[in-house]
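This report describes a predicted model and treats its parts in turn, from a single residue to the contacts between chains. Please keep the sequence and the structure in view while reading.

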Protein chains: 4
Amino acid sequence: MVNSIHEECGVFGIYSDVTADVAVQTYLGLYALQHRGQEACGIVVNDKGVFSYHKDEGLVHDVFTREQLHKIGHGNIAVGHVRYSTTGAASRANIQPMVVRHMKGPLAIAHNGNLVNASELRHEYESRGGIFHSTNDSEVISYAITEMRLVMPSIEEAVEKAMEKLRGAYSLVIMSPKKLIAVRDPNGYRPLSLGKLGEQAFVIASETCAFDTIGAKFIRDVEPGEIVIIDEGGVRSIKTHVGKVKPSLCVFEYVYFARPDSVIAGSSVHKARLKAGEYLWEEYPVDADVVIGVPDSGLDAALGLSRASGIPYGVGFIKNRYVGRTFIQPTQTDRTDSVRIKLNALSGTVKDKRVILVDDSIVRGTTSRRIINLIREAGAKEIHVRVSSPPFKNPCFFGTDIDSRENLIACKMDLNGIRAQIGADTLGFLSIENVNRIAEGAGLTLCDACFSGNYNMSVPDELPKDKFEYKLT
Amino acid sequence: MVNSIHEECGVFGIYSDVTADVAVQTYLGLYALQHRGQEACGIVVNDKGVFSYHKDEGLVHDVFTREQLHKIGHGNIAVGHVRYSTTGAASRANIQPMVVRHMKGPLAIAHNGNLVNASELRHEYESRGGIFHSTNDSEVISYAITEMRLVMPSIEEAVEKAMEKLRGAYSLVIMSPKKLIAVRDPNGYRPLSLGKLGEQAFVIASETCAFDTIGAKFIRDVEPGEIVIIDEGGVRSIKTHVGKVKPSLCVFEYVYFARPDSVIAGSSVHKARLKAGEYLWEEYPVDADVVIGVPDSGLDAALGLSRASGIPYGVGFIKNRYVGRTFIQPTQTDRTDSVRIKLNALSGTVKDKRVILVDDSIVRGTTSRRIINLIREAGAKEIHVRVSSPPFKNPCFFGTDIDSRENLIACKMDLNGIRAQIGADTLGFLSIENVNRIAEGAGLTLCDACFSGNYNMSVPDELPKDKFEYKLT
Amino acid sequence: MVNSIHEECGVFGIYSDVTADVAVQTYLGLYALQHRGQEACGIVVNDKGVFSYHKDEGLVHDVFTREQLHKIGHGNIAVGHVRYSTTGAASRANIQPMVVRHMKGPLAIAHNGNLVNASELRHEYESRGGIFHSTNDSEVISYAITEMRLVMPSIEEAVEKAMEKLRGAYSLVIMSPKKLIAVRDPNGYRPLSLGKLGEQAFVIASETCAFDTIGAKFIRDVEPGEIVIIDEGGVRSIKTHVGKVKPSLCVFEYVYFARPDSVIAGSSVHKARLKAGEYLWEEYPVDADVVIGVPDSGLDAALGLSRASGIPYGVGFIKNRYVGRTFIQPTQTDRTDSVRIKLNALSGTVKDKRVILVDDSIVRGTTSRRIINLIREAGAKEIHVRVSSPPFKNPCFFGTDIDSRENLIACKMDLNGIRAQIGADTLGFLSIENVNRIAEGAGLTLCDACFSGNYNMSVPDELPKDKFEYKLT
Amino acid sequence: MVNSIHEECGVFGIYSDVTADVAVQTYLGLYALQHRGQEACGIVVNDKGVFSYHKDEGLVHDVFTREQLHKIGHGNIAVGHVRYSTTGAASRANIQPMVVRHMKGPLAIAHNGNLVNASELRHEYESRGGIFHSTNDSEVISYAITEMRLVMPSIEEAVEKAMEKLRGAYSLVIMSPKKLIAVRDPNGYRPLSLGKLGEQAFVIASETCAFDTIGAKFIRDVEPGEIVIIDEGGVRSIKTHVGKVKPSLCVFEYVYFARPDSVIAGSSVHKARLKAGEYLWEEYPVDADVVIGVPDSGLDAALGLSRASGIPYGVGFIKNRYVGRTFIQPTQTDRTDSVRIKLNALSGTVKDKRVILVDDSIVRGTTSRRIINLIREAGAKEIHVRVSSPPFKNPCFFGTDIDSRENLIACKMDLNGIRAQIGADTLGFLSIENVNRIAEGAGLTLCDACFSGNYNMSVPDELPKDKFEYKLT
């Protein structure tokens with residue numbers, strides 16, 4: 001809830017056969033993807049090759065007023081982006097989509113993921129005279145595509161060629177003067193789906209919940225390694241890079257980040273979380289009177305655990321529905337307040353009860369301790385904490401904002417140490433094996449490096465986060 | 001969720017023995033009461049008799065920046081208010097707390113409720129030379145208190161005397177240069193509670209959840225008809241008006257408006273809602289596969305119904321957590337979108353299932369129809385709608401914003417008509433008898449006039465809403 | 001220029017026979033009167049008895065966006081106000097026009113001036129049960145009018161009667177549901193003029209420059225003591241209070257505050273300032289090479305002095321045209337910068353020259369010292385300062401914001417002391433006699449109490465500025 | 001005043017030996033240069049190689065709040081820019097200084113002027129894989145410098161080399177991690193000066209008035225073709241490109257754009273304008289009673305004409321000092337109002353008089369007609385218009401925003417036609433010969449192509465203004 005792992009980005013694209021209010025559709029799509037990034041957002045509209053855009057820091061509904069949407073106007077293609085800053089400072093220059101002009105005209109790129117070789121590529125382009133305005137990977141990708149566009153006859157072939165240089169996680173939506181292109185890296189670290197809106201428009205989104213919001217129909221996922229091209233000729237696909245490596249969807253996408261109403265690789269995210277609850281019960285049964293979840297991310301697994309165990313499901317916390325960016329947040333002291341401001345324990349549910357408390361992860365442990373304390377104060381007799389993910393022990397190089405090892409509680413102490421630290425009576429983390437069982441059940445293979453340390457490609461020795469940063473305000 | 005009954009106000013007050021950051025405590029208290037009013041808010045701080053304040057339209061965390069709170073500064077008494085406009089236009093002049101100066105110095109008044117004789121009183125004071133800046137009842141109450149203060153030796157005695165003139169619902173927090181005073185009308189239509197923060201401060205709030213947020217302890221409710229005075233002498237009480245009439249807490253406060261984590265008259269709001277679900281099952285049993293609730297207000301009763309029936313509880317909808325004031329709201333067309341933007345059905349939960357869908361109320365029926373349609377599209381085989389309140393048929397004169405009769409679906413058609421209109425397979429409303437059984441179980445008597453038409457006092461023939469309004473932008 | 005005497009307010013009103021965009025006309029009128037008050041402004045529009053308004057802190061073009069003007073809409077009567085805070089804190093509650101509702105409907109009042117018996121009247125109304133929301137005189141005046149309206153058959157007769165109670169300076173524009181009323185106190189301290197816009201509208205403004213801006217024709221001044229009523233019957237006048245006392249226009253209005261393009265009592269303000277320059281030369285002739293003025297208020301008198309003396313007029317300073325509310329202002333240190341930021345000396349004009357420097361007033365002396373220093377640094381050989389007003393020695397009780405005596409340099413030292421303090425070679429102030437000669441030439445009698453100490457009515461012992469203030473943020 | 005020729009940019013730079021509040025100095029410098037560009041502005045601070053910046057649309061004092069300046073913090077080098085959009089849309093992406101990262105680290109570039117070969121260079125870099133974020137020349141210049149930096153040992157040598165490719169007008173301030181570099185094109189189209197602030201800092205500015213504002217001393221102009229390098233070794237110069245072509249300062253800079261208190265090439269701008277007035281009298285003597293100027297740009301020449309002719313100088317107009325960005329501007333209709341809102345004629349000065357009216361230029365003629373009409377309405381008997389510049393007949397390719405030929409009144413009709421069109425009794429434009437006499441008197445040679453059509457270098461057939469523009473909101 002607070003202090004947890006962050007997804008970094010959501011992308012959206014729309015191609016309409018006719019000029020339409022694609023900006024509003026993109027706005028609504030980003031609105032549904034807001035959980036993937038709350039720091040900044042942007043929309044670029046293409047009206048017969050003229051690109052209009054607006055980007056700023058803030059939530060979608062703050063950045064895009066009716067007037068602002070009106071200003072960027074109508075068109076037949078649009079791309080949008082929501083962003084939680086990972087690589088690159090939280091600056092205006094880094095807000096996506098990137099809009100650049102290269103030899104063949106304007107190009108807009110929205111990126112979700114993280115390249116592991118961004119620094120090398122950046123250095124390569126700089127050494128040939130390239131200049132960079134931002135510190136995000138989209139600009140590196142722009143250079144890679146532009147480089148190939150000089151020798152390839154089409155933008156999609158330039159993208160195909162550029163993919164040979166790009167290593168890491170990237171789900172891209174690219175807009176050229178006449179085309180909308182969706183790209184997913186061969187590992188398929190980040191999700192990306194194709195949908196259809198009415199008879200005249202196709203849409204691309206990080207998650208299928210964006211389709212539901214605008215009334216679009218889900219068609220299929222963009223495959224790992226696939227390039228999907230949408231233009232006046234309809235939808236085409238380039239699959240040169242498909243099947244080259246074993247797919248490895250980020251475990252967090254499937255089991256934690258995605259909205260429960262999204263469907264990834266044909267499988268319901270909500271169901272995966274119910275399953276996680278079931279497996280938690282299998283692994284750590286305990287006598288108890290009630291099962292409660294930490295809102296909102298722990299509720300599904302709690303329900304699953306309740307169903308598997310037969311122990312009644314209860315409402316343990318009320319969450320303040322108006323939680324915004326209170327300024328009672330930044331400092332360490334304020335954080336104490338911030339849990340209490342956002343969550344209140346329901347004494348009627350837990351008083352004098354043996355409680356199973358389900359959360360989705362434990363990162364630093366500080367928030368968990370406060371939450372457990374709320375339940376304890378509310379009268380719980382025993383508190384059995386169940387966590388629907390294994391302990392985090394390794395950095396992520398593919399776009400998930402996991403804290404540095406010094407801050408990860410699981411890098412500093414063993415299970416019992418953590419239990420004592422957070423004040424639980426018993427503690428259980430879901431095993432890596434069971435995480436993978438859930439994935440297998442859905443026909444997926446996952447990247448679980450953050451738990452296991454098994455990266456699917458060579459990664460840098462350390463995270464180069466912001467290393468060449470200029471401060472941007 | 002949308003298009004439903006609105007509570008109009010929340011009030012908060014704090015008295016500290018020493019100068020402190022009472023503005024921040026009030027800010028946090030209002031934050032917890034935000035569900036009671038989202039249109040506007042205000043905080044007044046009393047620093048040795050000097051009143052500083054800030055009020056504006058917007059949510060608490062938008063109106064009060066860190067800088068703004070810093071500006072109104074420290075003090076030892078403060079009052080705050082959140083407002084959903086009922087009587088009076090949504091204007092700056094109507095934002096509370098009212099801050100006025102009368103013969104004995106400054107006075108700040110925060111009011112929750114609605115007077116039935118406001119028009120008569122207003123006319124009375126105007127005919128004696130009084131002038132009004134706003135159209136809200138607080139200003140009328142200010143005049144009533146001021147009038148009595150001319151002849152009474154203390155502010156609390158003036159309040160006691162003024163209560164003889166005030167008819168209707170009023171839970172007040174009043175701040176004079178040296179005192180904090182809490183008042184509840186003899187019927188006790190609106191809740192009001194007393195708490196203690198640390199060793200040095202007392203707090204007053206519409207709901208106890210505000211105490212939890214700031215770490216204060218609940219002491220007791222202010223009784224219907226009671227005046228509680230807090231000053232350097234501690235806490236005192238005037239009970240002249242207590243027990244004169246049978247209390248009649250607004251049914252909506254207890255069963256619907258209040259945050260589930262609040263405790264009213266010693267009884268848990270969450271439990272009352274679970275109970276409503278149980279009674280719904282008793283009244284309308286049906287064969288089904290899953291019970292789901294409309295977030296957030298229908299979830300508790302759905303859980304209660306599931307427990308009583310043994311039919312599994314499921315997550316039927318995902319609510320967009322970032323729902324703010326999208327501009328995709330005002331027009332009728334936009335409303336269609338607005339349900340889809342805010343809610344998405346979880347197909348995995350309802351597909352091919354016989355579903356019991358629980359909501360807290362049906363007002364116009366339009367939102368219900370859209371929600372049912374979402375579930376239908378997601379594949380539900382049967383949809384059995386259960387509503388945890390009786391049908392609305394009568395206007396409220398005591399501060400609840402119920403639509404005019406022309407808009408109330410229950411005034412226009414019978415049960416089967418409503419069922420057909422919203423597209424449900426079966427439909428059941430909780431009976432008035434069972435609502436009162438819940439109240440009795442908690443030792444409460446309720447005002448159920450909106451269902452039954454039995455008002456506890458004479459009321460005007462029609463609602464005089466905004467009749468003397470000047471438009472305020 | 002900085003640190004000088006402030007006018008406190010400007011008022012504007014319009015009555016149109018037909019519904020029109022009276023808000024935009026008022027906006028433009030206030031824009032022309034902006035020099036009379038830059039802290040806050042407001043516009044109230046009357047559409048068939050329904051009053052719409054918007055008021056806020058800031059300049060006219062900041063407070064009133066196109067959208068905001070659109071919101072308050074059309075009507076056939078409107079009043080507006082610009083404000084520089086004098087009595088009452090610079091708070092939202094004090095922003096005018098005051099909009100209140102009394103027995104006979106809504107009333108809007110815009111006031112320029114200051115009552116000397118405001119405290120007594122306020123006490124009187126409070127002792128009868130009146131309550132006050134603001135600390136400004138307009139609310140007191142509202143009570144006085146309302147009190148009389150209870151017994152008088154029309155609003156204009158109520159105003160006529162109320163004038164018997166009001167002592168001090170007041171130029172008012174009052175809007176009732178059907179009438180626009182202009183009132184000027186019997187002394188006529190503050191200006192107020194009547195104009196005609198096209199064939200269908202009459203306008204009222206503090207200065208005639210507002211008429212020119214909207215293309216209206218000046219008709220005549222509202223006479224001291226006169227009440228002008230504009231309604232569907234046309235323009236009428238009540239002159240009961242006219243001629244009761246000798247008029248005494250504020251010397252500052254005529255000689256200093258008003259825009260040079262305004263005409264007061266039939267006489268050009270620009271010409272009066274040229275005349276002041278001539279008399280300054282008469283009083284203090286000196287050998288010099290160039291005459292320069294401090295922009296913008298000293299330029300006219302400098303030109304007059306140049307013409308009278310035959311010494312060439314030169315441009316001594318360039319003023320930064322984009323001077324807004326730089327934050328480089330509030331502190332004492334910052335003030336040093338602020339003169340340099342706003343003014344730059346033209347070395348080519350003053351280098352090696354004997355310079356006559358004309359300014360309109362010296363208040364604290366600090367700004368004068370800095371300005372003289374700029375000229376000195378730019379190479380002036382001699383600097384002869386001529387001030388087109390006598391030295392300030394007495395407080396103003398009629399609406400001009402003169403510093404307290406402790407801050408007035410002329411209360412602390414004699415002429416030679418001031419000269420030394422500001423660093424001038426010679427110094428001359430215009431004599432009171434010559435100020436009055438200018439007025440006589442225009443057929444005017446002035447209040448010159450700030451120079452002479454001769455008040456035209458009994459005044460309080462000290463300025464009660466903000467004595468009952470509650471801090472308003 | 002309105003509808004006139006626009007300067008497009010002002011630049012500022014500061015190098016301090018020690019870490020200091022260089023952001024505030026830059027803020028004040030830009031404040032003094034605000035007349036050179038009001039659309040947007042930016043400041044970049046260099047703190048030990050880390051670049052912090054803020055850029056946005058708006059005036060300097062709106063964009064840079066105290067908090068915003070605080071955020072970008074301290075450092076020892078800073079550059080700033082004010083912008084009036086010429087090439088490139090008025091978009092955020094085009095706001096300068098450009099901040100980019102190239103092979104050797106970050107680089108900030110602030111540019112005043114216009115390249116005539118920007119399109120070719122842009123094409124050249126694009127064809128090698130370069131990508132562009134903006135449409136302004138600064139990004140082209142960044143590429144040119146970066147390209148050379150790959151082969152040259154220092155940034156200044158890269159700049160020296162890059163100048164061989166750049167054709168057109170450019171006054172640059174460049175900031176590298178350790179250096180501040182000022183560059184002026186060999187023709188010296190745009191001014192650029194070097195100053196010293198205290199003992200520890202050097203400053204660069206478009207005009208010397210920026211030095212005066214911050215208390216810096218003017219040292220000398222940067223010479224046409226010169227590169228000035230400021231670093232820890234002090235001030236150095238590269239003069240390879242100096243003296244290669246005959247300097248040709250933009251005639252507008254000297255005679256019209258620059259603030260009168262600026263000194264260009266050692267000569268006072270104010271004096272040049274006085275001189276223009278003298279020559280106007282020489283060329284077009286006429287019997288008249290008063291000489292008035294159009295504020296603010298016509299006042300100096302009017303004073304010069306008055307002195308030369310002996311005809312009294314008068315104040316003909318009062319300008320509203322609070323003229324901001326009223327929304328009463330954009331449409332054609334509104335423009336009519338806008339002159340009246342901003343200017344008011346002083347009837348006392350012109351009534352029944354033969355008036356010589358001096359303005360600095362006539363572009364479309366519409367504003368002139370309205371201004372003349374104001375004077376006519378105010379009672380002037382005869383109006384003799386004198387314009388202190390020759391008629392515009394040719395586009396500018398060097399950074400001045402002259403309207404397209406279709407809009408230039410001098411391209412459409414002869415002198416008598418213009419006279420009749422604007423409603424003057426007589427009309428005289430300053431001759432090109434006299435413009436050049438003024439320049440010669442100051443030891444300058446000017447570019448007068450906008451009058452004469454004699455460009456000093458080959459120019460494109462037509463202005464490529466925004467031809468590859470993507471709309472940026």
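## A buried strand residue

A:A345 lies in strand β19 (residues 343-345) of chain A. Helices (H or I, at least four residues) and strands (E, at least two) are DSSP runs, numbered from the N terminus. This is a predicted model, in which local features need pLDDT of at least 70 and side-chain atom pairs count only at pLDDT 80 or more, while totals for chains, interfaces and linings use all residues. Residues are numbered from 1 along each chain as its sequence is written, and chains are lettered from A and ligands numbered from 1 in the order in which they are written.

A:A345 counts as buried because it has 26 C-beta neighbours inside 10 Å. A residue is buried if 20 or more other C-beta atoms lie within 10 Å of its own, exposed if 12 or fewer, and partly exposed in between, with C-beta atoms placed from the backbone. Leaving out residues up to four places away in sequence, A:A345 touches A:G316, A:F317, A:V350, A:L374, A:I375, A:E377 and A:A378; two residues are in contact if their C-beta atoms, placed from the backbone, lie within 7 Å. A:V315 is 30 residues from A:A345 in sequence and 8.8 Å from it in space, C-alpha to C-alpha.

## Domains of chain A

Chain A is assigned domain 1 (9-248) and domain 2 (273-320 + 327-443), the bounds coming from an automatic or database domain assignment. The C-alpha centres of domain 1 of chain A and domain 2 of chain A are 35 Å apart. Their contact takes ten residues from domain 1 of chain A and four residues from domain 2 of chain A.

On the side of domain 1 of chain A that touches domain 2 of chain A, β6 (105-115) and β7 (168-175) of chain A are the elements that give two or more residues. The largest share, three residues, comes from β6(A). This side divides into four nonpolar, five polar and one charged. Ala, Val, Leu, Ile, Met, Phe, Trp, Tyr, Cys and Pro count as nonpolar, Asp, Glu, Lys and Arg as charged, and the others, Gly among them, as polar.

## A sheet in chain B

In chain B, an open sheet of six strands has the order β5-β6-β7-β8-β12-β13, with antiparallel pairing; two strands pair if DSSP finds at least two bridges between them. Because β5 (98-102) and β13 (234-238) of chain B stand at the edges with a single partner strand each, one side of each is left without a neighbour in the sheet. Neighbouring strands of this sheet are turned by 20° against each other on average, direction ignored.

Helix α5 (residues 137-149) of chain B packs on the sheet and touches β5, β6 (105-115) and β7 (168-175) of chain B; the direction of the helix makes about 125° with that of β6(B). Axes are lines fitted to C-alpha atoms, for helices over the stretch in contact, and angles run from 0 to 180 degrees between N-to-C directions. Within the sheet, strand β8 (residues 180-184) and strand β12 (residues 227-231) of chain B pair in the antiparallel sense over four bridges. B:I181 has B:I229 in β12(B) as its bridge partner.

## Cores and enclosed helices

The largest nonpolar core has 325 residues, and those with the most contacts inside it are C:Y254, C:I375, D:Y254 and D:I375. Such a core is a set of buried Ala, Val, Leu, Ile, Met, Phe, Trp, Tyr and Cys residues joined through C-beta atoms within 7 Å. Helix α1 (residues 22-32) of chain C gives the most to this core, with eight residues. A second, separate core of 324 residues includes A:V22, A:V291, A:A301 and B:L249.

Eleven of the eleven residues of α1(C) are buried, so this helix is largely enclosed by the rest of the structure. Helix α10 (residues 299-309) of chain D is likewise largely enclosed, because nine of its eleven residues are buried. What covers the buried residues of α10(D) includes α9 (269-283), β17 (290-293), β20 (354-359) and β21 (382-387) of chain D. Just after α10(D), D:G310 takes a positive phi of about 80°.

## Contacts between chains

The contact between chain A and chain B takes 39 residues from chain A and 39 residues from chain B. The side of chain A that touches chain B divides into 15 nonpolar, 13 polar and eleven charged.

Chain C gives 31 residues and chain B gives 30 residues to their contact. On the side of chain C that touches chain B, the largest share, five residues, comes from β3(C). Chain A and chain C do not touch, their nearest C-alpha atoms being 11 Å apart. Chain B and chain D do not touch either, and their nearest C-alpha atoms are 11 Å apart.
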